[in-house]
Amino acid sequence: MILVTPDYCRIMARYNHWQNESLATAAETISDAARREDRGAFWGSMFGTFNHLLWGDCMWLSRFNQVPPPPVDLPDSAKLMPEWPDFTKKRREIDQVILDWTTKMAEADTQGELHYHSTAFGGQLTRPIAVGLVHFFNHQTHHRGQIHEMLTAAGAKPDITDLIGLPELMDAPKT
């Protein structure tokens, strides 16, 4: 059995928000053409990867009953938000949904089973909610790592990605 606590989800939500802000801020320092350039990543460009990550967050949040599912299917996830300003606005909205959801989360919300349809696996799945939560946050970290690398290669300077560098932890008493 996997034990996932509300505190784990809260710190991961704060980490997600911090990292998304860092990457979006760094992406603002390069041109729209550079954001859209195919860099050989699975979702093509850094903008395509940003979009897929937002799509994945919305899809998982819909499974956790927090938002409606995204309006496009997985193959079109890299095109979810065609314009950068619309993307950054939606990204911030969804990050706030994640923060608010995890703030209210109770132990019972991390337990039990999750029943959902997966286009990636082609049908209905049942998994422990804890596994879904771990995947939700792991998927974010995975794709943000790809975006971070593409931004760095393009000359942008995003923040460090280490969870222990989360600003609120840096301000905490040293133990």
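**View 1. Overall dimensions of the predicted protein chain.** Because a compact globule of 175 residues would have a radius of gyration near 16 Å, the 16 Å of the protein chain agrees with that expectation; the radius is taken over C-alpha atoms, and the globule rule is 2.2 Å times the number of residues to the power 0.38. Along the principal axes, the C-alpha atoms fill a box of roughly 50 × 45 × 25 Å. This is a predicted model, in which local features need pLDDT of at least 70 and side-chain atom pairs count only at pLDDT 80 or more, while totals for chains, interfaces and linings use all residues. Residues are numbered from 1 along each chain as its sequence is written, and side-chain values use heavy atoms, with hydrogens and water left out.

View 2. The protein chain has six helices and two strands, which follow the pattern α-α-α-α-β-β-α-α; helices (H or I, at least four residues) and strands (E, at least two) are DSSP runs, numbered from the N terminus.

**View 3. The largest pocket and its lining.** The largest pocket holds about 390 Å³ of space, and Trp-60, Arg-63, Ala-120, Phe-121 and His-135 are the closest to its centre among the 21 lining residues. On a 1 Å grid over the protein atoms alone, a pocket is an open set of points where a 1.4 Å probe fits, with protein on both sides within 12 Å along at least five of seven lines, and lining residues have an atom within 4 Å of a point. Grid points are joined across faces, edges and corners, and the volume is the space filled by probe spheres set on them. With six residues, α3 gives the most to this lining.
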